[in-house]
Amino acid sequence: MPVVKIIEVIASSEKSIDDAIRNAVTEVSKTVHNIDSVFVKDIKAHVKDGKVTTFGAICKIAFRVDHEK
């Protein structure tokens, strides 16, 4: 029976929300394996001088836990 663990991360990008989500997966993939899905919990944008400067995404990343035999 597979066990799934979920972690919550915050990622950002100067390009887009899509890029922020991809950054989250890229960074988490460096230390976590078997990623199955990403649920975007919330999004935001930082504004400076009337212009959007960065996009942020709060993501829940789900992955299967390896079982030792």
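## Two loops with positive phi

Asn-34 lies in the loop between H1 and E2. This is a predicted model, and in it the phi of Asn-34 is near 65 degrees, a positive value in a residue other than glycine. That is worth a glance, because most residues other than glycine have a negative phi. With a relative accessibility of 25%, Asn-34 counts as partly exposed, since partly exposed covers the range between under 20% (buried) and over 50% (exposed).

Move on to the loop between E2 and E3, and you will find Asp-49. Its phi is near 50 degrees, again a positive value in a residue other than glycine. Is Asp-49 buried or exposed? At 74% relative accessibility, Asp-49 counts as exposed.

## Helix H1: length and cap

Helix H1 runs over residues 17-29. Its 13 residues, at 1.5 Å a residue, should span 18 Å, and the end C-alpha atoms are 18 Å apart, so the two values agree.

Which residue caps the N-terminal end of H1? Ser-16 does, with a side-chain oxygen 3.5 Å from the backbone nitrogen of Asp-18.

## The buried side of H1

Asp-19, Ala-20, Ala-24 and Val-28 are the buried residues to look for in H1. Around the axis they cover an arc of only 165 degrees, so they sit on the same side of H1.

What do these buried residues pack against? Their partners are strand E1 (3-13), strand E2 (35-48) and strand E3 (51-65).

Note on methods. Residues are numbered from 1 along each chain as its sequence is written. This is a predicted model: local features need pLDDT of at least 70, side-chain atom pairs count only at pLDDT 80 or more; totals for chains, interfaces and linings use all residues. Side-chain values use heavy atoms; hydrogens and water are left out. Helices (H or I, at least four residues) and strands (E, at least two) are DSSP runs, numbered from the N terminus. The expected span of a helix is 1.5 Å times one less than its number of residues. Buried means under 20% relative accessible area, exposed over 50%, partly exposed in between (1.4 Å probe, protein chains only). The arc is that of the directions from the helix axis to the C-beta atoms. Contact means heavy atoms within 4.5 Å. A polar contact is a pair of N or O atoms within 3.5 Å; within protein, one must be able to donate a hydrogen and the other to accept it, and residues adjacent in sequence count only if both atoms are side-chain atoms.
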